[in-house]
Amino acid sequence: VKEAAEIISDLADDPVPAGAIAMRGYNNMHRVRFGSDAYRIVYRADIKNRRIIVRAVGPRTTVYRGMKR
C-alpha cells in the first residue's frame, strides 16, 4: 500500500513516468506496475488540466475488470 501511495504521489510531478504503459483503446489511460509486477495502478492523465485520475489499484489479475473504454 505504501509503495502504491508513493507512486501515485510521484505521478503529480511526472504523469507519464518511465515504465508507464499507454493502454490501447483508452484515451489518455496508462498503467504502472508495482509490487514485483503483481499489481497495477490504472489512471487517466489529463495533462492539459494537470490532473491524474486514478481509476483502479489492485492485482494484475483483477484490476481491469469492469473498465469501460
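Aspartate 13 sits in the loop between helix 1 and strand 1 (21–22). The model is predicted, so local features need pLDDT of at least 70 and side-chain atom pairs count only at pLDDT 80 or more, while totals for chains, interfaces and linings use all residues. Residues are numbered from 1 along each chain as its sequence is written, and side-chain values use heavy atoms, leaving out hydrogens and water.

**Nonpolar cores**

- A nonpolar core is a set of buried Ala, Val, Leu, Ile, Met, Phe, Trp, Tyr and Cys residues joined through side-chain atoms within 4.5 Å, where buried means under 20% relative accessible area.
- The largest core has 9 residues, among them Ala4, Leu11, Phe34 and Tyr43.
- Helix 1 (2–11), strand 2 (29–34) and strand 3 (39–46) each supply at least two residues of this core; helices (H or I, at least four residues) and strands (E, at least two) are DSSP runs, numbered from the N terminus.
- A second, separate core of 7 residues includes Met23, Tyr26, Met29 and Val63.

**Alanine 20**

- Alanine 20, also a member of the largest core, lies in the loop between helix 1 and strand 1.
- Alanine 20 counts as buried because its relative accessibility is 18%.

**Loop between strand 2 and strand 3**

- Serine 36 is in this loop and has a positive phi of about 60° although it is not a glycine.
- Serine 36 is exposed, at a relative accessible area of 78%.
- Aspartate 37 is also in this loop, with a positive phi of about 65°.
- Most residues other than glycine have a negative phi.

Methods. Buried means under 20% relative accessible area, exposed over 50%, partly exposed in between (1.4 Å probe, protein chains only).
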